[in-house]
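Dear colleague,

Please find the structure below, followed by an account of what was found in it. I would ask you to read the two side by side.

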Amino acid sequence: MLTIKCPWCGDRDLTEFAAGGEGHIARPLEPATQSDAEWGDYIYTRKNTKGIHYERWMHAQGCRRWFNAVRDTVSDEFLAFYKTGEPAPKVEGDGS
Amino acid sequence: MANPKSKYSIFSLVRNALSYHEGWEAQWRSPDPKSAYDVVIIGGGGHGLATAYYLAKEHGITNVAVLEKGWLGGGNTGRNTTIVRSNYLWDESAAIYDHAVNLWENLSQELNYNVMFSPRGLLHLAHNVHDMQEIQRRGNSNFMNGIDAEMLTPGQCQQLVPFMNLGCRYPVMGGVLQRRGGTARHDAVAWGYARAADALGVDIIQKCEVTGFDIENGVVRGVQTTRGNIGAGKVGVVTAGHSGVTAEMAGFRLPIESFPLQAFVSEPMKPVIDVVVMSNTVHAYISQSDKGELVIGGSGDPYISYSQRGCFDQVEHVVGPVIELYPIFSRVRMMRQWGGITDVTIDRSPVITKTPVENMMFNVGWGTGGFKATPGSGHVFAASLAKGEMHDIAAPFAMDRFHTGALIDEAAAAAVAH
Ligand SMILES: Cc1cc2nc3c(=O)[nH]c(=O)nc-3n(C[C@H](O)[C@H](O)[C@H](O)COP(=O)(O)OP(=O)(O)OC[C@H]3O[C@@H](n4cnc5c(N)ncnc54)[C@H](O)[C@@H]3O)c2cc1C
Ligand SMILES: [Zn+2]
């Protein structure tokens, strides 16, 4: 069982959390000027990284707050946890 | 160059039995890659191998290589629970999946290879009012598309599976049966297409990973691999769970995320269940292999990953509903478990498409449900590659649907696509 460290509650089992997919995707600031292609990419296209992945999680069965995590999608090892709004930490092996 | 094979038959079996089965010829050659091919197919799963076979068989294009980074069928083809059906809601899906079922019906004869296609019937259960409406809507849509669908009462479901616990926590309210659905032998599909493609001159090259593309002025010229550079007139990419990685090499992104999907196999036992039963609501599906093992699957893992193990607590999510529906299996031991990396789109439909790179097409995004499509997918993808234009059945699955909004939304239709 994977352990996830909620920035507010500390270490908990994976089963308490809901995965929220790729993190740091900003909603377009000028919706009216977006093309169909830009909207499509914003909604549907994801990095789908094999390797270091910055992603969102929610402590669904705990404090119910969203936060960010860094995970290696090959080993599933978590490398960092941080609160929403905090800058993404640099982790070793991150090529991006 | 063609490499004719001796025909498999009862006579070849007897003849080889006399020499203690030591005289069987290799099913395909393992040549070194040539410096260039007319068409390079990346990915030696069922879809890639079927594509190569139909290129050679139906379009006379035999200067073809299939490059596979591991071994044939070692991806999702050899990891799936082998459910075959075509009772999808939307016309576009019905067209491609039923095209595949039509090909499945003669595939063993076509390939001279027993793919063990077993149209034993595929039952979808309904557990609530919404489910009942969903199967009726889908069943009616299937009728309109000439696909068989029979609505069953709970009693009729019970007749098919006498030990089913109709009064379980989410009671069985009815079902829809596609009699032409069933299962097939996954490895045999890969091997059968490989053998038949090799006979027509296709080079099948295993342990050859594509690591990059040679692209000049937006046109693909070749591929870089762990076994050297290989020129290519056209490239067909059929890399399933690794499609995001291959697209990145080609310089674009796909509307696809890769999630593990797990399968479970029990100890073998006497024949007990002779249909495939799926339940989308409690999300478990089950069939029995010819070896007697129960083959069980459920929903995908909740987060993207390339680890072929799968997430641990999923075991309980899958086994729980199985035991609730079939208490008789509560003492059965599970022997094996594994994960495959499924390439999932938001509408749960594949992406068969031209790309921003000229002469490079992708056939990916089959996610948790592409095994059943293998013959049909290979057939229409080969036609698309040969002509340079998408085949009519493939055309609606182009990647621009995520920009136009013309999704083929099987996800909303049935919430499941295995
Ligand atoms: C547990 C599980 C259960 C499933 N159950 C069903 C089911 O019941 N019914 C159904 O219809 N579908 C099911 N599916 C889905 C089905 O397995 C797939 O959609 C289908 O097999 C995909 O076939 P493919 O040939 O496209 O992919 P694969 O068989 O995965 O082949 C892709 C190949 O590409 C190779 N590759 C990747 N990158 C490279 C590279 N850079 N260079 C060279 N080679 C590369 C891989 O090694 C792999 O062998 C299931 C999947 C899983 C995992
Ligand atoms: Zn918390």
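In this predicted model, a polar backbone atom of Thr368(B) lies 3.1 Å from a nitrogen atom of ligand 1; a polar contact is a pair of N or O atoms within 3.5 Å, and within protein one must be able to donate a hydrogen and the other to accept it, while residues adjacent in sequence count only if both atoms are side-chain atoms. Gly370(B) places a polar backbone atom 2.8 Å from an oxygen atom of ligand 1. For His47(B), a backbone N or O atom is 3.0 Å from an oxygen atom of the ligand. Around ligand 1 there are 37 residues, of which Glu68(B), Asn76(B), Thr77(B), Thr81(B) and Lys372(B) come nearest; a residue is counted here if one of its heavy atoms lies within 4 Å.

His47(B) also belongs to helix H2(B), in its contact with H10(B). Helices (DSSP runs of H or I, at least four residues) and strands (E, at least two) are numbered from the N terminus. The axes of H2(B) and H10(B), residues 374–387, come within 7 Å and cross at roughly 55 degrees. Axes are lines fitted to C-alpha atoms, for helices over the stretch in contact, and angles run from 0 to 180 degrees between N-to-C directions. The two helices are therefore oblique to each other; under 35 degrees counts as roughly parallel, over 145 as roughly antiparallel, 65 to 115 as roughly perpendicular and the rest as oblique. H2(B) passes H10(B) in a right-handed crossing, meaning that the near helix is turned clockwise from the far one by less than a right angle, whereas anticlockwise is left-handed. The residues of this contact (heavy atoms within 4.5 Å) divide into nine nonpolar, eight polar and two charged. Ala, Val, Leu, Ile, Met, Phe, Trp, Tyr, Cys and Pro count as nonpolar, Asp, Glu, Lys and Arg as charged, and the others, Gly among them, as polar.

H2(B), residues 46–59, also packs with H7(B), residues 186–199, at an angle of about 30 degrees, with the axes 9 Å apart. H2(B) and H7(B) are therefore roughly parallel, and the crossing is left-handed. Among the residues in contact are Leu49(B) and Tyr53(B) of H2(B) and Tyr193(B) of H7(B). This contact comprises ten nonpolar, no polar and no charged residues.

Chain A has one helix and six strands, in the order β-β-β-α-β-β-β from the N terminus. The C-alpha trace of chain A spans about 45 × 30 × 20 Å along its principal axes.

Residues are numbered from 1 along each chain as its sequence is written, with chains lettered from A and ligands numbered from 1 in the order in which they are written. Local features need pLDDT of at least 70 and side-chain atom pairs count only at pLDDT 80 or more, while totals for chains, interfaces and linings use all residues, and side-chain values use heavy atoms, with hydrogens and water left out.
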